[in-house]
Amino acid sequence: MSQPTIESILHEQRLFAPAASFAQTAQIGSPEAYQQLCDRAQANPQQFWADLAEQELEWFAPWQQVLDWQPPFAKWFVGGKLNISYNCLDRHLTTWRRNKAALIWEGEPGDSRTLTYAQLHREVCQFANALKHLGVQKGDRVAIYMPMIPEAAIAMLACARIGAAHTVIFGGFSAEAVKDRLLDAQVKVVVTADGGWRKDAIVPLKAQVDQALEQGGVPSVENVLVVQRTGQQVAMQLGGRDHWWHELQRLVSADCPAEPMDSEDMLFILYTSGTTGKPKGVVHTTGGYNLYSHITTKWIFDLQDTDIYWCTADVGWITGHSYIVYGPLSNGATTLMYEGAPRPSNPGCTWEIIEKYGVNIFYTAPTAIRAFLKMGEDLPKARDLSSLRLLGTVGEPINPEAWMWYHRVIGGERCPIVDTWWQTETGGIMITPLPGVTTTKPGSATRPFPGIFADVVDLDGNSVPDNDGGYLVVKHPWPGMMRTVYGDPERFRKSYWEHIPPQDGQYVYFAGDGARRDEDGYFWIMGRVDDVINVAGHRLGTMEIESALVSHPAVAEAAVVGRPDEVKGEEVVAFVTLEGSHASSEDLRAELKQHVVTEIGTIARPGEIRFADSLPKTRSGKIMRRLLRTLASGETISGDTSTLEDRSVLDKLRSEG
Ligand code: WT7
């Protein structure tokens, strides 16, 4: 790959090879080292992962079997005992890292806090004891609905420490969405805060929890643990359901040994959108997830002990789980957490923080990069960004223009960029450059991580030729893979393992993304092939938004599609037909948008609502989304419309737009 290929010259594609100075100190720094890893993984995947598990993690008891694979159900390191909170905290306390900064936190109003490994350990132990005090036991589920404050990470690690599974619910979700998740996971305790800061406003988290729990709406919830963040007035059901964290903290000891967990004990459930109206509870377990988040963080972000590492995701998403909390801490790194986001009162806060802390590694989303690009170069140029040595992106395809801007303006043309493809379901990064060895092409996530066997196939499961489009699949189980959909193993099988038939008896994981692979073996992700849209790096099921719309009394039918958006990647466009007695109006439009926010959260707010007399359907009654997508993006409809039941519908929709 050192020579540009003919194709790349023809397309004037630029290649970016890692600088020798970067490669010299990199975790994986030579093509030979990289090739050796790939070869070892290829020759014996189980041995490859077992060697890493032994070298990289501490186990209380060894496993008896590396992999038990009963497709589609995998068990990794069967019989092994460990605790991820021990691997993230305790094991560093006997080393010089004891007094190293584990977590640097910056609040939106400008307050800040740094916790060393010893301090973080102490806080986690206390929080774990507080949960125990409330009756939380191994195997229980605890929901964490928090702003981006240290206590969010502390609560996660505390759950892991005592063997309770956490389910983190993104702070932007509405009371309705919170309730759905609490019910599905049969949550026993909810950890929340009075409120959190977001773009100069307070997000009233506790009030949302109260609404979700109204009138015994979630019978399994016994207690709510409230962290004081904003100091605003909140209603507390004292002497009963609700407890202040700072009051419980005074009652509990800081001594709480980590519970020895089975490698396959559930670590967390994280809800993500699928193609039906109901979010999927993605289940991750202990040993495999610990290893996979650990090793991907180490090699992809090339962690060095002096680095300050900043991932801008929210802990409510998988990126926050794997690459703010578990991966970095397991490696003994310094991880930075920021409560806020760029906002009119401080649009340059990102660059201010990089300068203030001397951030070395910065991981963000294409949607953020495109927003930065629009704001112009003056903001980043006003700050010293020379500490940066590595940049990353995740969440959606990055357009080459945004890539080049990131490279030039933020990276000062010296930082490698890792474009990392993965999903909630995969637990960690799957397709990515390794920054010391991979020559990158803007817009490509490049190659699979060592030990990951990805392919692009047709619907029969046959590999497609180079540069042909197809479906992205993974051919061998890997330690970080999801284990099931919580409470619904059939949905797990149907969603991921049945679209593509097994090849030579080998089951393949269907990711739901379209992709092509070029002549260098580089993957180019082309976006979702199912009814899932990606708004600002967040997955939303079209059905989920449609169900929300249809739950409004004025709505008869709704169809939701994504439309390309310059900053957000995609924007939600809803086509709505009304119940007989209701007439379309601007007020109703606004009301329906707000209704979606109430049902799901602000991330799902439709950018546009179009009223229609009827929706284009096939003779069998299936809504023809392809047509709606085309209409939504203002393009003319071409191709086959012969399956359309009533052709006049299209003309009406066109004139509506
Ligand atoms: C979907 C997963 C994994 C954390 C963030 C989102 C898209 C993710 C990339 C990338 C192109 C990407 C895919 C994927 N996606 N990373 N580097 N290039 N597309 O997690 O909510 O589970 O969404 O995000 O479509 O399937 P998620």
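The legends below describe views of a predicted model of one chain. Residue numbers start from 1 along each chain as its sequence is written; local features need pLDDT of at least 70, side-chain atom pairs count only at pLDDT 80 or more, totals for chains, interfaces and linings use all residues, and side-chain values use heavy atoms, without hydrogens and water.

**View 1. The second largest pocket and its volume.** The second largest pocket has a volume of about 670 Å³. A pocket is an open set of points on a 1 Å grid over the protein atoms alone, where a 1.4 Å probe fits, with protein on both sides within 12 Å along at least five of seven lines. Volume is the space filled by probe spheres set on the points, which are joined across faces, edges and corners.

**View 2. The lining of the second largest pocket.** The lining comprises 30 residues, each with an atom within 4 Å of a point. Tyr34, Gln35, Cys38, Arg447 and Tyr522 lie nearest the centre of the pocket. By class, 17 lining residues are nonpolar, 10 polar and 3 charged (nonpolar: Ala, Val, Leu, Ile, Met, Phe, Trp, Tyr, Cys and Pro; charged: Asp, Glu, Lys and Arg; polar: the others, Gly among them).

**View 3. Helix α3 at the second largest pocket.** Helix α3, residues 31-43, gives the most to this lining, with 7 residues. The chain has 21 helices and 30 strands, taken as DSSP runs numbered from the N terminus (helices H or I, at least four residues; strands E, at least two).

**View 4. Burial in the chain.** Of the 657 residues, 60% count as buried, meaning under 20% relative accessible area with a 1.4 Å probe and protein chains only. Along its principal axes, the C-alpha trace spans about 75 × 70 × 55 Å.

Notes:
Buried means under 20% relative accessible area, exposed over 50%, partly exposed in between (1.4 Å probe, protein chains only).
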